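Please keep the sequence and the structure in view while reading.

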Amino acid sequence: GVMDIKRADVPLTIAYAGRVAGFRTVEIRAMVSGTIMKREYAEGARVKQGDTLFLIDPRSYQATYDRATAQLAQAKATAVQAEENFNRIQELSNKQVATPKQLDDARAARDQSRAAIKSVEADIETAKINLEYTTVKAPVAGPTALLSPPEGSIAQAQQTVLTTITQLDPAYVNFSITDAELREFRSFSDNLEKPLTD
């Protein structure tokens, strides 16, 4: 029989022993210090992104937030008073009843009260973030480590590793080949790229 020779893709199956490795391993650390009140998952269990993992005692952070909120109300009241005083002194200055120094002092008091509001607003934002950090959530999905600090232990901010999560989607498969096999594969690949000749 006679048949035409044609180029075609032929599968080359090679078996290697491989080891599946997670895409990344994420350390879950406490961002604020405090007593671990509760662990919301079973050690070693798979968690979803956004799941609550730990609850750290929020009382001191709630108190800081409440104090900052009260300070903001006080700063706003002071700012209103300083603004009214500045407007009054400015009118008196326009009528040449108040001295330039009184106007400068009133302006400085007004500006300081405005700056105080911004400072307290920044304190509120910091207190709010710290309060949110008392609820530790999973940043990625995957299985958790088998060991974690027990409830009642003290977590140190940015030091205590609460658990680790291994992200398995996607995943890597690690395997090794010899140098000789690698050279053969490269040689084979180079030959495939060359055009067929008569």
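Does Tyr 16 count as buried, partly exposed or exposed? Tyr 16 counts as partly exposed because its relative accessibility is 31%, where buried means under 20% relative accessible area, exposed over 50% and partly exposed in between, with a 1.4 Å probe and protein chains only.

The model is predicted, and local features need pLDDT of at least 70, side-chain atom pairs count only at pLDDT 80 or more, and totals for chains, interfaces and linings use all residues. Residues are numbered from 1 along each chain as its sequence is written, and side-chain values use heavy atoms, with hydrogens and water left out.

**Aromatic pairs**

- Two aromatic pairs are counted; rings of Phe, Tyr and Trp (its six-membered ring) pair if their centres lie within 6.5 Å, and planes under 30 degrees apart count as stacked, over 60 as edge-to-face and the rest as tilted.
- The rings of Tyr 16 and Phe 175 form a stacked pair, because their centres are 5.4 Å apart and their planes stand at 25°.
- This pair links distant parts of the chain, 159 residues apart: Tyr 16 belongs to the segment before strand 1 (19–29), and Phe 175 to the loop between strand 8 (161–174) and helix 3 (179–193).
- Helices (H or I, at least four residues) and strands (E, at least two) are DSSP runs, numbered from the N terminus.
- Phe 175 has a relative accessible area of 51% and is therefore exposed.
- In the pair of Tyr 41 and Phe 54, the ring centres are 5.6 Å apart and the planes are at 85°, so the pair is edge-to-face.
- Tyr 41 lies in the loop between strand 2 and strand 3 (46–47), whereas Phe 54 lies in strand 4, 13 residues apart.
- Tyr 41 is buried, with a relative accessible area of 9%, and Phe 54 is buried as well, with a value of 0%.

- Four strands make an open sheet in the order 5-4-2-7, with antiparallel pairing; two strands pair if DSSP finds at least two bridges between them.
- Strand 5 and strand 7 (154–155) stand at the edges with a single partner strand each, so one side of each is left without a neighbour in the sheet.
- Strand 2 (residues 34–39) pairs with strand 4 (residues 52–56) in the antiparallel sense over three bridges.
- Within strand 4, Ile 56 stands opposite Ile 36, and Phe 54 stands opposite Arg 39.
- Strand 4 is also joined to strand 5 (residues 135–137) by three bridges, and these two strands run antiparallel.
- The bridge partner of Phe 54 in strand 5 is Val 136.

**The helix pair**

- Two packed helices are described by the angle between their axes and the distance between the axes.
- Helix 1 (residues 59–94) packs against helix 2 (residues 100–133) at an angle of about 165°, with the axes 8 Å apart.
- Helix 1 and helix 2 are therefore roughly antiparallel to each other (angles over 145 degrees count as roughly antiparallel, under 35 as roughly parallel, 65 to 115 as roughly perpendicular and the rest as oblique).

**A residue of helix 2**

- Thr 126 is found in helix 2 and counts as partly exposed, at 46% relative accessibility.
- The C-alpha atoms of Thr 126 and Gly 34 are separated by 17 Å, and the two residues are 92 residues apart along the chain.

Key
Axes fitted to C-alpha atoms, helices over the stretch in contact; angles between N-to-C directions.
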